[in-house]
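Visitor: Hi! I'd like to talk through the side-chain packing in this one. Could you put it on screen?

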Amino acid sequence: LGWQARGQAWRSWARQMALTIAALGTAAFLLYLPWYPTFTSQAAGILPNLTFPTRVPHLIVMFGTALIPVAAWLIWRARGRLDRSGIRLLLACALGLPVALLLASWLLGALVSFLDPALFAQGLQEFGAATFAEAAHAVLLRRLLTAPTSLMLGAVAGLAAVLLFRPPAVADEPPSVQPFVAGMAAIGALLVLAPEFVYLRDLFGTRMNTIFKFYFAAWILLGLAAAYAVVDFQPRRARAAGILRAVVLVPMILGLAYPLLATWTKTSGFQPAQGATLDGIAHLAQDHPEDYAAIQWIQANVPGGVVAEAVGGSYTEFARISAHTGLQSVLGWDFHEVQWRNGVEGQGSRRDDLQTLYVTREAAQAEEIVRRYAIDYVYVGPLERRTYQPLIEEKFAAFMVPVYTGGEVTIYARSPLGGGL
């Protein structure tokens with residue numbers, strides 16, 4: 001809207017933009033108002049990314065299918081505007097942006113070292129540096145080796161700026177969609193460039209989540225810009241210029257290999273070991289047949305309740321009973337809960353209490369834990385036996401009823417079930 005109204009008088013433009021921003025901001029706040037009172041974020045400020053810049057091959061693997069066509073299109077469209085002023089604008093973005101961000105990250109690093117020496121020392125240790133001078137030398141060397149990444153992204157933003165802000169050499173105003181495409185390309189490039197130098201501090205202590213969130217948006221913007229670019233930049237005659245234009249299609253054609261090969265790989269050549277099925281737990285029948293049989297029994301015989309099972313890391317086989325049956329668990333993926341609940345406080349002593357529940361020899365102690373968390377079922381399976389050693393199972397019989405037994409799996413309940421086995 002700001003771009004479309006740029007020809008208006010400054011006061012009129014500013015008033016229109018202020019009213020638009022106020023209206024959109026108010027609407028956005030009111031629409032999300034029920035969410036704000038209980039929202040807390042694990043983001044805890046901005047930290048400098050001094051040690052882990054992106055190498056060019058990795059950048060191309062991630063964004064090459066869109067970034068190369070976009071860059072070629074920007075060069076083609078901006079070529080008539082690269083007079084002295086246009087070249088200065090291009091260099092200011094291509095060189096100035098990375099240098100400014102680099103200096104800002106170093107200044108931020110110095111500020112962090114002053115305000116939080118322990119955090120700074122931890123960063124040095126993770127980087128494998130004993131002293132600040134050693135770390136500075138290694139950081140500078142790594143930055144020099146990966147400088148083309150930042151320069152390429154800065155150049156894309158610079159070419160987009162030239163297309164946006166420099167008048168064409170001839171008075172043939174390009175179609176109005178082109179500034180919009182250039183704007184998407186510039187913002188996409190800046191979203192990729194930013195995590196090269198700074199990231200949001202979270203529970204991981206790395207830039208991983210910042211890259212996730214920024215790259216999602218950058219992929220969409222650059223992908224849309226590339227879709228327009230390959231059409232606008234397609235060859236129109238079989239001559240050298242047309243051949244060069246056709247070259248921009250090569251990255252996109254290469255990119256099409258991924259969905260084909262990935263589909264073949266992930267489906268085991270369309271012959272999966274469990275057979276073609278929409279059953280999301282069919283793999284358990286082959287990998288963990290005893291757990292699979294117990295889950296099937298729970299789904300048929302247990303109306304609901306709280307189950308105790310082994311606690312473990314995210315994206316693992318832990319929490320498989322609660323996940324596949326819908327029963328509530330005392331605790332599943334503990335660190336995943338830390339992430340989403342912004343801290344470990346809500347868990348209390350659940351992890352330690354569950355370990356005590358399985359390893360204690362005292363039935364009274366185990367019964368107290370069962371009552372504290374209103375546990376209806378205690379699941380004892382192969383994973384529990386591997387996780388908690390020594391697992392003392394006999395005590396459960398003192399205050400619970402074994403309602404299911406199959407191989408290494410026994411399920412204890414606080415009260416008998418009519419369908420118990």
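Visitor: Which residue lies over the face of Trp76?

Guide: That's Arg77, at 4.6 Å from the ring centre. Do keep in mind that this is a predicted model. There's another charge over a ring too: the charged end of Lys395 sits 4.5 Å from the centre of the Phe396 ring.

Visitor: And how many aromatic pairs are there?

Guide: Searching the whole structure gives 15. One of them is Phe63 with Trp219, whose ring centres are 6.2 Å apart.

Visitor: Is Phe63 buried or exposed?

Guide: Phe63 is buried, at 1% relative accessible area, while Trp219 is partly exposed at 42%.

Visitor: OK, switching to the core. Which residues have the most contacts inside the largest nonpolar core?

Guide: Among them are Phe63 again, plus Val70, Trp73 and Val156; the core has 38 residues. Helices α2, α6, α7 and α8 each supply at least two of its residues, and α2 gives the most, 11.

Visitor: What does Val70 touch?

Guide: Leaving aside residues up to four places away in sequence, Val70 touches Val156, Ala185, Leu222, Ala225, Ala226 and Ala229.

Visitor: And what's in the second core?

Guide: That one is separate and has 24 residues, including Leu357, Tyr358, Tyr373 and Val380.

Key
Residues are numbered from 1 along each chain as its sequence is written. This is a predicted model: local features need pLDDT of at least 70, side-chain atom pairs count only at pLDDT 80 or more; totals for chains, interfaces and linings use all residues. Side-chain values use heavy atoms; hydrogens and water are left out. A nonpolar core is a set of buried Ala, Val, Leu, Ile, Met, Phe, Trp, Tyr and Cys residues joined through side-chain atoms within 4.5 Å. Buried means under 20% relative accessible area, exposed over 50%, partly exposed in between (1.4 Å probe, protein chains only). Helices (H or I, at least four residues) and strands (E, at least two) are DSSP runs, numbered from the N terminus. Contact means heavy atoms within 4.5 Å. Rings of Phe, Tyr and Trp (its six-membered ring) pair if their centres lie within 6.5 Å; planes under 30 degrees apart count as stacked, over 60 as edge-to-face and the rest as tilted. A charge sits over a ring if NZ of Lys or CZ of Arg is within 6 Å of the ring centre and within 35 degrees of the ring normal.
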